[in-house]
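Student: I want each label in this model tied to a value and a rule. Can we go through them one at a time?

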Amino acid sequence: MKLATVHPFPEKLALAFLKERTEVLVLEELDPVIEEVLLKLCGKHQLPVKIYGKLTGHANIAGSNNYETIRASIDKFYAREISPPVAVSLPPLPARPPVLCAGCPHRASFYSVKRALQQQKQEAVFQRRYRLLYPWQRQPA
């Protein structure tokens with residue numbers, strides 16, 4: 001079942017889905033909101049459905065979902081051996097300067113640092129989440 005909106009929660013749709021199942025794996029970002037609602041619905045309507053997800057350890061509690069974490073959760077749900085991630089070779093990404101979002105409050109700070117260093121004939125290098133590195137602090141490639 002795929003939900004587009006969860007508030008107000010589509011209880012009738014969820015009940016129709018749950019009545020046809022014995023086990024459900026819930027994969028969601030952030031808090032286990034949908035998982036908790038489905039558990040409450042099963043208790044309220046006395047449905048013998050087992051709900052698996054973050055609360056049962058079948059999905060990651062923290063961090064974002066990606067292909068590997070979702071696949072590992074599905075493998076765990078079906079009691080399959082967790083297969084190793086598939087190695088994919090990608091071409092190297094082109095080098096490009098960091099871009100801050102329009103309206104970002106940090107833009108003025110970075111602009112000021114860059115201008116100040118230009119006046120001193122030095123180069124500003126931004127790396128990893130906009131951490132400012134001076135030329136003499138560069139890490140070897």
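This is a predicted model: local features need pLDDT of at least 70, side-chain atom pairs count only at pLDDT 80 or more; totals for chains, interfaces and linings use all residues.

Student: Why is Tyr78 called exposed?

Tutor: Its relative accessible area is 54%. Exposed means over 50%, buried means under 20%, and partly exposed lies in between (1.4 Å probe, protein chains only). Residues are numbered from 1 along each chain as its sequence is written, and side-chain values use heavy atoms, with hydrogens and water left out.

Student: What makes Phe77 buried?

Tutor: Its relative accessibility is 18%. That is under 20%, so Phe77 counts as buried. Tyr52 is buried as well.

Student: How do you know that Tyr52 and Phe77 form an edge-to-face pair?

Tutor: Start with the rule. Rings of Phe, Tyr and Trp (its six-membered ring) pair if their centres lie within 6.5 Å; planes under 30 degrees apart are stacked, over 60 edge-to-face, and the rest tilted. Here the ring centres are 5.6 Å apart and the planes meet at 70°, so the pair is edge-to-face.

Student: Which parts of the chain does this pair link?

Tutor: Distant ones. Tyr52 is in strand S2 (residues 50-52), Phe77 is in helix H3 (residues 67-77), and 25 residues separate them. Helices (H or I, at least four residues) and strands (E, at least two) are DSSP runs, numbered from the N terminus.

Student: What makes Phe77 and Tyr78 an aromatic pair?

Tutor: Their centres are 5.1 Å apart, with 75° between the planes. That pair is also edge-to-face. The count of aromatic pairs comes to two. Together, ring pairs join Tyr52, Phe77 and Tyr78 into a cluster.

Student: What makes a set of residues a nonpolar core, and which members touch the most others in the largest one?

Tutor: A nonpolar core is a set of buried Ala, Val, Leu, Ile, Met, Phe, Trp, Tyr and Cys residues joined through side-chain atoms within 4.5 Å. The largest has 14 residues; Leu18, Val24, Leu38, Leu41, Val49 and Ile51 touch the most other members. Helix H1 (11-19) and helix H2 (33-44) each supply at least two residues of this core.

Student: Which residues does Val49 contact beyond its neighbours within four places in sequence?

Tutor: Contact means heavy atoms within 4.5 Å. By that rule Val49 reaches Leu18, Arg21, Thr22, Glu23, Val24 and Cys42.

Student: Why is Arg21 called partly exposed?

Tutor: Its relative accessible area is 32%. Arg21 sits in the loop between H1 and S1. Its C-alpha atom is 9.5 Å from that of Leu47, 26 residues apart along the chain.

Student: What makes phi of Gln46 worth a mention?

Tutor: Most residues other than glycine have a negative phi. Phi of Gln46 is near 50°, a positive value in a residue other than glycine. Gln46 lies in the loop between H2 and S2. At 71% relative accessibility, Gln46 counts as exposed.

Student: Where is Ala79, and what is its phi?

Tutor: Ala79 is in the loop between H3 and helix H4 (107-119). Its phi is near 55°, again a positive value. With a relative accessible area of 70%, Ala79 is exposed.

Student: How do you know that Ala62 is exposed?

Tutor: The relative accessible area of Ala62 is 62%, over the 50% cut-off, so it is exposed. Ala62 lies in the loop between S2 and H3. Its C-alpha atom is 8.8 Å from that of Asp31, 31 residues apart along the chain.

Student: How many helices and strands are there, and how do they run?

Tutor: The protein chain has four helices and four strands. From the N terminus on, the order is α-β-α-β-α-α-β-β. Of its 141 residues, 23% are buried. Among contacts between residues at least 6 apart in sequence, 44% join residues at least 24 apart.
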